[in-house]
Amino acid sequence: MRSFGYTIADSPAEAVRIAASTPGSAFVAGGTELLNLMRDGAQAHDHLIDVNHLDLGGIAAGPGRLRLGASARMRQVAEHATVRREFPVLSEALLASASPQIRNMASIGGNLLQRTRCGYFRDAGSPCDKRTPGSGCPAIAGHNRGHAILGGGDRCIATHPSDLAVALTALDATVHLLGPEGARAVPIAEFYLLPGATPERETAMRPGELITWVDVPRTTLAGRSRYLKLRDRATFEFAVVSVAAALRMRGRVVRDVRLAFGGVGTRPWRDAGVEAALRGRPLTRQAIAEAGRLLVRDAAPREGNRFKVELVQRALASILDDLGGLR
Amino acid sequence: MSGLVGQDVARVDGRAKVTGAARYAADQEVPGALHGFLVMSTIARGEVLEIDARAALAHPGVVAVYTHRDMPRLRVPDFPYNRPFIPMQDARVHHSGQPVAYVVAQTLEQAQEAANLVRVRYRAEDPVARMADVLDQAFLPEKFRDRNNEDGRGDAAAALEQAEVRIDRTYASPMQHHNPIEPHTTTAVWEEDGTLTLYESAQGVVFTRGMVTQAFAGTDRPPANVRVVSPYLGGGFGAKGPTYPHTLLTAAAARLAGRPVKLVLSRAQMYTSNGHRAEYRHHLRLGATRQGRLTAIDATSTAQVTRLDGRIYNSSDSTLHLYSCPNVHVRQLGVRLDLPTSSYMRSPETTSHFGLETALDELSHELGIDPVELRIRNHTEVVQATEANGRTERPYGGKHLLECYRAAAEAFGWARRDPRPGRTRDGDEYVGWGMATETHTYGHIPSEARLTIGLDGRATLRTATQEIGTGTYTVLGQVAADELGLPIGHVTTLLGDTAYPAASISAGSSTVPSVVGPVSEAAKNARAAVIALAVADPRSPLHGVPAGEVVAEGGRLFARGDRDRTDTYRDVVARHGSPVEVTGRRPNTAGHTFGAVFLEVRIQPRLGRLRVTRVVTAHDLGRVLNRRTARGQVIGGVTWGIGFALMEHTMVDPGTARVVNPNLSTYLVPVCADTPSVEALFVDRPISDSQALGARGFGETPGTGVPAAIGNAIFHATGRRLREVPFTQDKLL
């Protein structure tokens, strides 16, 4: 690991100012992700700007929205009474993430900016178009059990690992940023990018921008939400497939539904067509099956992840059954 | 005897371990030690053309960057060095992650960063990394450690031909890594008197000393003496049994630098530096009568080996010996890959045993005979073996496997099992019950122990075996305390230092069978020596009592018939004026240990979610020396078995031959939530052919049946037979 400079920023504005004037710098909060990436040689920074002391740790339930400060810890959000009551999918997604020790340290902003768990990306000795553009993607013909069946291309098929991002995607959250050119808000649906020809670019963030908070609309729908995470061991593991779902019924008819998927896409995956296929119709096994088929219509599975085509449809059916009271 | 042996005795080193007071190898503070870090090859096959160390040498704190041009020429025998070559002796690269340069710096961070700055230019050749691509090139390797890779008895081919019922299946398991929590470490100190001292994470300090001594014997300045120190080990599981290159390279670097050097492997480096369980395919054909008597076993296994060697570490002992079968043919083939050499990994025989115990379950289903009953019908009380002097049949010194089946089946409630697959439901879950026999061989290494009774009447036991986390300090302390008639708190046990009498490596379940006898002997001799002093000393109340009439209890000596005539260890030795020091040896023999595992799985069929919800084991380990540490072995073994069955899998990229998941984030091992509580039963009966107070070697037996038992339970739950681990969710959809 390379030596690096370190500054503690006192305010978001100062943090952004330092970042703008320090090439190769990065913000650090809990450090549970960034330091590992630096140790593994997957990422290198000459300077770290500590953002733990900015006034961004709050969790506030205001009229119409829940505001999560970027340096709130995963555990604080997961255990927050309003979050548990009105946004169960957020709490469940966070509690299904990492370990208690990591949840005590890791921040909301950092969680959203996790890098993929793709082994090729994290091994500095392997080619990887995301880490070293132009070097190629060995996952496509190699080990790709953990990789995406949706949204990939010939440069990258890595998944985004954050459970929280999947839940926030289902709830139409907005990511607030502060940068050298001022503050702006990005809907989460536009926050994560498809790899396309530039897999090294994962988010819509511009150089020097800092996540300040995340807003989540406070809706009745969010109160009827759940997170289902399937993985290769019981805890402390990333999703093979996950589903964040919110469902509001009127009798047997779906009044509104939000769905987002983890483990299957190169970004937290939302498909408006799938939701539209369910909305306004009776929630039947058949309707759910049709929605599932729609979800995977453009899937491009590989040898190691072919099963996800089937598994994600079953996961969708399972969570909708639960939320819709089909069993 | 005061009766500590056989009890549930808490670990004497438990407090030291949980408080951090226990000093592991890398905790040794050696004044002036530099830090080493390895530069590993990024290609898997080819040669180093050029190493540019200028940037590394310019980095602050860097003392040296050594390459194959600098290293002394080392020579090693075939075993227990585990590689067919020594790295950094020439420019050749045999696998990815092979040391090509050795950086030495003032701090660990400086050494690590400088290692990143070393530029290596290679001439690369295409590696062969995937066994499936070259299975047609499988060959029968030469014998390894005096064991042939083809073995058997009778005529399996003919018996198969004539069999009333046949099973013909192939089973497979992937490459797996040991992943001890303590990384491998060596601190090498060339002392002024010519001694080379190594603070080493070693399962066998004596083995390591022998290997290092030989490696440097041909150099221009061989060490006058090699001392290896390893007082505690943070898990080894075979990964720290043989001696590995980093140990030799660190000793060489320390000599070149003229300063002590400390090396700690990174987690990622541990995936190419210390062996692994070989990828393995197992083609099994069973022949049987309709009544379920085995008439033939034909087993052909294929394991990964390297271009330079053909060592097979996963023997087929259970296929050869566990069941009564007149016709057995075993062939262990190898396939050459450009990967590191594999090695022993707890428990080596699990690899082949998984196939055997699954095939038996398939046979039981085919025949409609209960799996336990099938095993009982093929039970044998004698070892059927082909040995150097021909075929032999010798009895085990007591084999209470039938009792294990009975006890575990009863505790589990096996009699209530509906044998039909897929018929047991609970809510939306399928419930499956499966079982398997557990067995493993254990070794024996001639060992010696030295016992000293000090002027304070307390005992110090010294023997150069190791504590690898299994409870050696405690068990040996119990044995010595009982034999001496001292409280266990008055016995200090010192292990893991070649300054002590040579003793067994802690591998192959050998520690108890090898060392308990010598410790018991030493303690017996010490007691006899102190009693002899007492009865000969006119100042002792025991003066004149026949030595055979003196008993020792609770630190005191009594005349058997007259307990008022009493003396103490402390007074006797204090009057004598100098400590009493004796040694003990007691040869033993290797053998087999047996047991059974019964377990329950629950499967949510829609999502393929599987949980192991209940485990009952029963083992015959001869006499149980410490119920708590024995139970610890069962819990550990079952947990390993769950990992083997459900998740462990080292992934190697087919193109680059690099390990894709060299960390504990992506190489999955079970967490507590994957592991149910285990009911561990013991048939606690001394065996006649053990010189270790009736105990057998036990460490590696528990868990050997677990992967098959889980697969068998999955079949029972769902009717789906899985033959390739890990049994991941996608296979259960």
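**Exercise 1. List the domains assigned to chain B.**

Chain B is divided into domain 1 (14–19 + 444–585), domain 2 (32–126 + 182–234 + 240–273) and domain 3 (280–443 + 590–732). These bounds come from an automatic or database domain assignment. This is a predicted model, in which local features need pLDDT of at least 70, side-chain atom pairs count only at pLDDT 80 or more, and totals for chains, interfaces and linings use all residues. Residues are numbered from 1 along each chain as its sequence is written, and chains are lettered from A and ligands numbered from 1 in the order in which they are written.

**Exercise 2. Describe the contact of domain 1 of chain B with domain 3 of chain B.**

Step 1. The C-alpha centres of the two domains are 39 Å apart.

Step 2. Domain 1 of chain B supplies 17 residues to the contact and domain 3 of chain B supplies 20 residues; two residues are in contact if their C-beta atoms, placed from the backbone, lie within 7 Å.

Step 3. On the domain 1 side, α12 (472–484) and α13 (511–536) of chain B each give two or more residues. α13(B) gives the most, with five residues. Helices (H or I, at least four residues) and strands (E, at least two) are DSSP runs, numbered from the N terminus.

**Exercise 3. Work out why B:Leu38 counts as buried.**

Step 1. B:Leu38 is in strand β1 (residues 34–40) of chain B.

Step 2. B:Leu38 counts as buried because it has 26 C-beta neighbours inside 10 Å; the cut-off for buried is 20 or more other C-beta atoms within 10 Å, with C-beta atoms placed from the backbone.

Step 3. Leaving out residues up to four places away in sequence, B:Leu38 touches B:Pro99, B:Tyr102, B:Ala115, B:His246 and B:Gln269.

Conventions
Buried ≥ 20, exposed ≤ 12 C-beta atoms within 10 Å, placed from the backbone.
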